[in-house]
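Please prepare a briefing on the structure shown below, with the points grouped by topic and the cut-offs stated where they apply.

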Amino acid sequence: MKRSQLYIKTRKDAPGDEQAKNAQLLIRAGFIHKEMAGVYTYLPLGLRTLNKIVQIIREEMNAIGGQEMQLSTLQQQDSWVASGRWSDDVMDVWFRTQLANGSTLGLAPTHEEPLTAIMKNFVSSYHDLPFYTYQFQTKFRNELRSKSGLMRGREFLMKDLYSFSKNKEEHDEFYEQCADAYMKVFDRLGLGGITYRTFASGGSFSKYSDEFQTLSPVGEDTIYVHEGKGIAINQEVYNDEVLADLGITKEELVEKTAVEVGNIFTLGTKYSDALGLEYTDEKGEKTSVFMGSYGIGPSRVMGLIAEHFADEKGLVWPLNVSPYHIYLVTIGDVADRAEQLIADLEAAGVEVLYDDRDERPGAKFADAELMGIPYRVVLSERTLAEEQVELTERRSGNTEMVSQSSIVSNITSKIS
Ligand code: ATP
Ligand code: MG
């Protein structure tokens, strides 16, 4: 990709009304545009990063047998009335609207009810279970406070997976598989070591749910971390009973603030009972389907990564989610050499953003740093005369001179 064709411009200052560091940086670097509080547009660079996060989650959900689908965002009220969640007293984040004929619709805040209703068309016998289905989809929630940039949107992306099992035993097995898959996702996103499976309140069918909490000074949640076991307890369920259940003592725990990046729930038969999702079991008896739901917020994760991996010069993307691997800058009359190098790099699977603008090198370097691209390559007449190329790592700032003949293999070994 040539920078001259990318219409975005970086900027020195973020909009005055933006308080969150993640959104300030992402706006300045040209990844997102702020529409209003809690509502953001993804520009080409931002969408590349979001899609990389999505793809990592997709691969891990497919690996545990998830099948991707996409539900509608406009929702009828019927299934929500049946479950009792249509009321503002039960769900206080609804966006609703009316059709010309007077009927009321809701904009999807989540999808348990409509999906359970759909599945009545497909589930009748024990042969039909279990199955697992998921989507990446925009959710709408009229959040009271939306001051955390991408981390608390009023319109945001969610990966939500739903499991439909014959019974609790079958459910429990998948639930643990999904918890493991979540840890793989957060590892691959660069959040390993700071993300904890966290005991949280469970709702009607299980004592606990599991949240996945990433340590962050801007987090809204307080958790108690057990470093040795690599788990945590959310403040909301932190009491003597939980400690006894887990066999740990107060002294072993450290209080931290964290961001909830994912959440997995045993729903049991709450929604299948409410909406009549039943199957005929091996003995010929009608039984309610046993359900679970499993969320991750890719857009919240993107905000968190932006916030966490940053320095005074700007963003510092982990390689796996950076929009490009290389930011290429040329100095002097070396455009032909640049085109050849890009062709060689792209043939080897390296993603290059080529700053071909007629700008000072210093301005290009500043943009490379603000955008947080993991590696910067500089081709200059001076170093090419000695068959050398300059390669700089964004995270450490370390620069090495690499011989022109080995630059492609050097870079591919770094990014693979
Ligand atoms: P929170 O307590 O932070 O409001 P929640 O309990 O409402 O989160 P869920 O309904 O379980 O969240 O949603 C699943 C996932 O979707 C969350 O773990 C989070 O990653 C993401 N998410 C929830 N609300 C938002 C939001 N307003 N903006 C961005 N991501 C969100
Ligand atoms: Mg919420």
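Gln-75 lies in strand β4, which spans residues 74–76, where helices (H or I, at least four residues) and strands (E, at least two) are DSSP runs numbered from the N terminus. This is a predicted model, in which local features need pLDDT of at least 70 and side-chain atom pairs count only at pLDDT 80 or more, while totals for chains, interfaces and linings use all residues. Residues are numbered from 1 along each chain as its sequence is written, chains are lettered from A and ligands numbered from 1 in the order in which they are written, and side-chain values use heavy atoms, with hydrogens and water left out.

**Gln-75**
- Gln-75 is buried, with a relative accessible area of 3%; buried means under 20% relative accessible area, exposed over 50%, and partly exposed in between (1.4 Å probe, protein chains only).
- A polar atom of the Gln-75 side chain lies 3.1 Å from the backbone oxygen of Thr-110, a polar contact being a pair of N or O atoms within 3.5 Å, of which, within protein, one must be able to donate a hydrogen and the other to accept it, and residues adjacent in sequence count only if both atoms are side-chain atoms.

**Polar contacts of ligand 1**
- An oxygen atom of ligand 1 is 2.9 Å from an N or O atom in the side chain of Arg-152, and for the side chain of Asn-263 the corresponding distance from a ligand 1 oxygen atom is 3.3 Å.
- A polar backbone atom of Gly-297 lies 3.1 Å from an oxygen atom of ligand 1.

**Backbone features**
- The peptide bond from Leu-129 to Pro-130 is cis, with omega near 0°, and Pro-130 has its place in the loop between α4 (112–119) and β7 (131–140).
- Glu-387, in the loop between α11 (381–384) and β22 (388–393), has a phi near 60°, a positive value in a residue other than glycine.
- At 44% relative accessibility, Glu-387 counts as partly exposed.
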